[in-house]
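Here is a short briefing to read alongside your structure. Have the 3D view open and follow the points topic by topic.

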Amino acid sequence: MIAQVYINWGRFVIDCPHSDCHDAREVTPGQQAEVCAAGHLLVVQWPPDAAQIHAALAERPQERTRNWFPQDHPVALQGGQPHGQSPDDLRDEARQREEAALDRAEQARALLAGLGLELDPVTGVVKGL
Ligand SMILES: [Zn+2]
């Protein structure tokens with residue numbers, strides 16, 4: 001059976017597609033076949049731009065955000081995760097997350113200022129308590 005590669009925490013992974021099997025294996029670039037823990041022979045299907053996808057994810061500082069699924073991958077569909085993203089899509093997604101985090105930090109600073117408090121960005125200490 002064919003097992004589609006996806007990326008989880010920056011690792012290339014395949015799930016055994018046999019319905020009675022829940023094994024997942026880490027695979028290495030160029031690997032063409034794998035045998036799961038239950039002995040199922042799997043043909044590893046790589047996206048043609050695996051290296052570019054992995055490089056786009058490697059730019060993210062946190063490993064837990066280095067995730068990618070091929071189009072219509074069952075794990076992505078079940079979990080409501082994005083799938084079929086290009087390297088440019090992944091970079092756009094990272095930029096949007098960074099901007100949202102900056103917006104939240106600005107909102108927190110404004111909230112503290114409204115209470116007469118100030119957060120020291122270096123020490124993390126709230127001044128004015
Ligand atoms: Zn299996």
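Buried residues account for 14% of the 129 residues in the protein; a residue counts as buried if 20 or more other C-beta atoms, placed from the backbone, lie within 10 Å of its own, as exposed if 12 or fewer do, and as partly exposed in between. Please keep in mind that this is a predicted model, where local features need pLDDT of at least 70, side-chain atom pairs count only at pLDDT 80 or more, and totals for chains, interfaces and linings use all residues. Residue numbers start from 1 along each chain as its sequence is written.

**Overall shape**
- The protein has a radius of gyration of 20 Å, whereas a compact globule of 129 residues would be near 14 Å; the radius is taken over C-alpha atoms, and the globule rule is 2.2 Å times the number of residues to the power 0.38.
- Along the principal axes, the C-alpha trace spans about 65 × 30 × 25 Å.
- Domain 1 covers 2-84 and domain 2 covers 88-127, with bounds that come from an automatic or database domain assignment.
- The centres of domain 1 and domain 2, taken over C-alpha atoms, are 33 Å apart.

**Secondary structure**
- You will find three helices and eight strands, arranged along the sequence as β-β-β-β-β-β-α-α-α-β-β.
- Helices (H or I, at least four residues) and strands (E, at least two) are DSSP runs, numbered from the N terminus.

**Helix 3**
- Helix 3 takes in residues 87-114, and its end C-alpha atoms are 41 Å apart, in agreement with the 40 Å that its 28 residues should span at 1.5 Å a residue; the expected span is 1.5 Å times one less than the number of residues.
- Of those 28 residues the number buried is one, so helix 3 lies largely in the open.

- Three strands make an open, antiparallel sheet in the order 2-3-4; two strands pair if DSSP finds at least two bridges between them.
- Strand 2 (6-8) and strand 4 (24-26) are at the edges with a single partner strand each, so one side of each has no neighbour in the sheet.
- On average, neighbouring strands of this sheet are turned by 45 degrees against each other, direction ignored; the axes are lines fitted to C-alpha atoms, and angles run from 0 to 180 degrees between N-to-C directions.
- Three bridges join strand 3 (residues 11-15) to strand 4 in the antiparallel sense, and Asp15 has Ala24 of strand 4 as its bridge partner.
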